[in-house]
Amino acid sequence: MGISKIHGFGLIAQEFIPKGTVTWKLVPGFDRLFTEEELQSFPPSVQAQVHHYGHYDPELNRYVLCSDDARFTNHANEPTELSYGDYSVAARDIQPGEEITCDYGDFAHRFGEG
């Protein structure tokens, strides 16, 4: 994690990451999974935290809140990683010091947007 040129904090590569490398994988028990009912039972501030830093996975039928720094991944129209539900891979070679990004549009429909 570091200062982002896009917005606030971002996820910054510390080493070379070749195209196709898994950059994130869901780890149940470490990453938090919530049903809609569980999420609705939380105070509004906690719900907002999950919506801001998490995403909804329709295959799991759960909201996913990453417990690692992946939650700081910012949006880019040409992202450096591609998300496939419970894992992400480098869309191209990522250089040290480069920000790791994803396309938020891949997740917008999961929160009933777009």
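His75 stands opposite Cys102 in E10, a pairing taken here as the entry point to the predicted model. The model is predicted, so that local features require pLDDT of at least 70 and side-chain atom pairs count only at pLDDT 80 or more, whereas totals for chains, interfaces and linings use all residues. Residues are numbered from 1 along each chain as its sequence is written, and side-chain values use heavy atoms, with hydrogens and water left out.

The protein contains three helices and ten strands, where helices (H or I, at least four residues) and strands (E, at least two) are DSSP runs numbered from the N terminus. From the N terminus on, the order of elements is β-β-β-β-α-α-β-β-β-β-β-β-α. The radius of gyration of the protein, taken over C-alpha atoms, is 14 Å, close to the 13 Å given by the globule rule for 114 residues, so the protein is as compact as a globular protein of that length. The globule rule is 2.2 Å times the number of residues to the power 0.38. Along the principal axes, the C-alpha trace spans about 40 × 30 × 25 Å. Of the 114 residues, 39% count as buried, that is, under 20% relative accessible area, with exposed meaning over 50% and partly exposed in between (1.4 Å probe, protein chains only). Among contacts (heavy atoms within 4.5 Å) between residues at least 6 apart in sequence, 67% join residues at least 24 apart.

Four strands form an open sheet in the order E1-E2-E10-E7, with mixed pairing; two strands pair if DSSP finds at least two bridges between them. Strand E1 (2-3) and strand E7 (74-75) are the edge strands, each pairing on one side only. E1 and E2 run antiparallel and are joined by two bridges, with Gly10 in E2 as the bridge partner of Gly2. The hairpin of E1 and E2 has five residues between the strands, and in this hairpin Gly8 takes a positive phi near 55°. His7 also lies in the loop between E1 and E2 and is exposed, with a relative accessible area of 57%. The C-alpha atoms of His7 and Asn74 are separated by 7.2 Å, although the two residues are 67 apart along the chain.

E2 pairs with E10 in the antiparallel sense over two bridges, and Glu99 in E10 is the bridge partner of Ile12. By contrast, E7 and strand E10 (residues 99-102) run parallel, again joined by two bridges. Thr101 is found in strand E10 and is buried, with a relative accessible area of 3%. Leaving aside neighbours within four places in sequence, the contacts of Thr101 include Ile6, Asn74, His75 and Glu81.

The second largest pocket holds about 160 Å³ of space. On a 1 Å grid over the protein atoms alone, a pocket is an open set of points where a 1.4 Å probe fits, with protein on both sides within 12 Å along at least five of seven lines, and lining residues have an atom within 4 Å of a point. Grid points are joined across faces, edges and corners, and the volume is the space filled by probe spheres set on the points. Among the lining residues are Met1, Ile12, Trp24, Asp68 and Ile100. Strand E2 (9-12) and strand E3 (22-25) each supply at least two residues of this lining, and E3 gives the most, with three. The lining divides into eight nonpolar, two polar and two charged residues.

Methods. Ala, Val, Leu, Ile, Met, Phe, Trp, Tyr, Cys and Pro count as nonpolar, Asp, Glu, Lys and Arg as charged, and the others, Gly among them, as polar.
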